[in-house]
Amino acid sequence: MSSGSYFPVAVKEASIPITSTQRRRLGIPTVSDRIAQEVIKIYIEPQLDKEISAHSYGYRPLKNSHQAVAEVKKYVLQYAWVVDMDISSFFDNMSHEKVLKALSRHVKENWVTMYVKRWITAPMQDKNGKIAMRDKGTPQGGVISPL
C-alpha cells in the first residue's frame, strides 16, 4: 500500500431482503481489500470520530444500539420529542465527490484519499459475472463503508 500500487478488484454483489418486496445490495470485498480497508479505518477513525456528535451511535467505536436505547430512556423523561434521522438509500446514492471533499477536510494524507477513492469507485460484479462501473454510492459490506 505504501507504494500506491494497490488497486481493489471488482466488488462482488449480493443482496439481502429488507422486507418481503425490497432487497438491499451489499458489496463483498476480497480478503485483501478487507485487510487494506481495515488499515485505513484504524488510521482515520480516531480523527473522524472527534467530528461526530456524542449523541450519534451508528457505526461508532465503542458505541452500540443498547447504549442508544439507554440514552433514549434517559431523555424521554426530560423531553417530549425525539429526533431520528435515516436517509433512505443513502449508501446507494451518496456522491463520491462530496465524500472525498469531506474526507480531505479532515484527513490531510493524500494516500488515504487515494485509496478511499479507489474503493468507492471500484466496479461491482453481479452474480452472473457482469461488471458495472459506479458513479455514485458505495457498497455496504466493506470495512470502510460505514465510516
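This briefing describes the sheet, the helix packing and selected loop residues of the structure shown above.

The structure is a predicted model, in which local features need pLDDT of at least 70 and side-chain atom pairs count only at pLDDT 80 or more, while totals for chains, interfaces and linings use all residues. Residues are numbered from 1 along each chain as its sequence is written, and side-chain values use heavy atoms, with hydrogens and water left out. Helices (H or I, at least four residues) and strands (E, at least two) are DSSP runs, numbered from the N terminus. The model contains an open sheet of four strands, and helix α5 packs against both α4 and α1.

**The sheet**

- The strand order of the open sheet is β2-β1-β3-β4, with mixed pairing; two strands pair if DSSP finds at least two bridges between them.
- β2 and β4 (131-132) are the edge strands, each with a single partner strand, so one side of each has no neighbour in the sheet.
- Strand β1 (residues 11-17) pairs with strand β2 (residues 23-28) in the antiparallel sense over six bridges.
- These two strands, β1 and β2, form a hairpin with five residues between them.
- Within this pairing, Ala14 has Leu26 of β2 as its bridge partner, and Pro17 stands opposite Arg23 in β2.
- The pairing of β1 with strand β3 (residues 124-125) is parallel and covers two bridges; here Val11 has Met124 of β3 as its bridge partner.
- In general, strands of a sheet pair through backbone hydrogen bonds, either parallel or antiparallel.

**Packing of α4 and α5**

- The axes of helix α4 (residues 96-106) and helix α5 (residues 110-120) come within 10 Å and cross at roughly 160°. Axes are lines fitted to C-alpha atoms, for helices over the stretch in contact, and angles run from 0 to 180 degrees between N-to-C directions.
- α4 and α5 are therefore roughly antiparallel to each other. Angles under 35 degrees count as roughly parallel, over 145 as roughly antiparallel, 65 to 115 as roughly perpendicular and the rest as oblique.
- The crossing of α4 and α5 is right-handed: a crossing is right-handed if the near helix is turned clockwise from the far one by less than a right angle, and left-handed if anticlockwise.
- On the α4 side the contact (heavy atoms within 4.5 Å) is made by His96, Val99, Leu100 and Leu103, and on the α5 side by Val112, Thr113, Val116, Lys117 and Ile120.
- By class, six nonpolar, two polar and one charged residues make up the contact of α4 with α5. Ala, Val, Leu, Ile, Met, Phe, Trp, Tyr, Cys and Pro count as nonpolar, Asp, Glu, Lys and Arg as charged, and the others, Gly among them, as polar.

**Packing of α1 and α5**

- Helix α1 (residues 31-49) packs with α5 at an angle of about 135°, with their axes 11 Å apart, and this makes α1 oblique to α5.
- The crossing of α1 and α5 is left-handed.
- From α1, the residues Asp33, Ala36, Gln37, Ile40, Tyr43 and Ile44 meet Trp111, Val112, Val116 and Trp119 of α5.
- The contact of α1 with α5 has eight nonpolar residues, one polar and one charged.

**Buried residues of α5**

- The buried residues of α5 are Val112, Thr113, Tyr115, Val116, Arg118, Trp119 and Ile120. Buried means under 20% relative accessible area, exposed over 50%, partly exposed in between (1.4 Å probe, protein chains only).
- The cover over these buried residues of α5 includes α1 and α4.

**Loop residues**

- Arg60 is located in the loop between α1 and α2 and is buried, with a relative accessible area of 9%.
- Apart from its neighbours within four places in sequence, Arg60 is in contact with Asp49, Ile52 and Ser53.
- Leu62 also lies in the loop between α1 and α2, but counts as exposed at 83% relative accessibility.
- The phi of Leu62 is near 65°, a positive value in a residue other than glycine.
- Ile87, in the loop between α2 (65-76) and α3 (90-93), is exposed, with a relative accessible area of 58%.
- The C-alpha atoms of Ile87 and Gly27 are separated by 19 Å, and the two residues are 60 residues apart along the chain.
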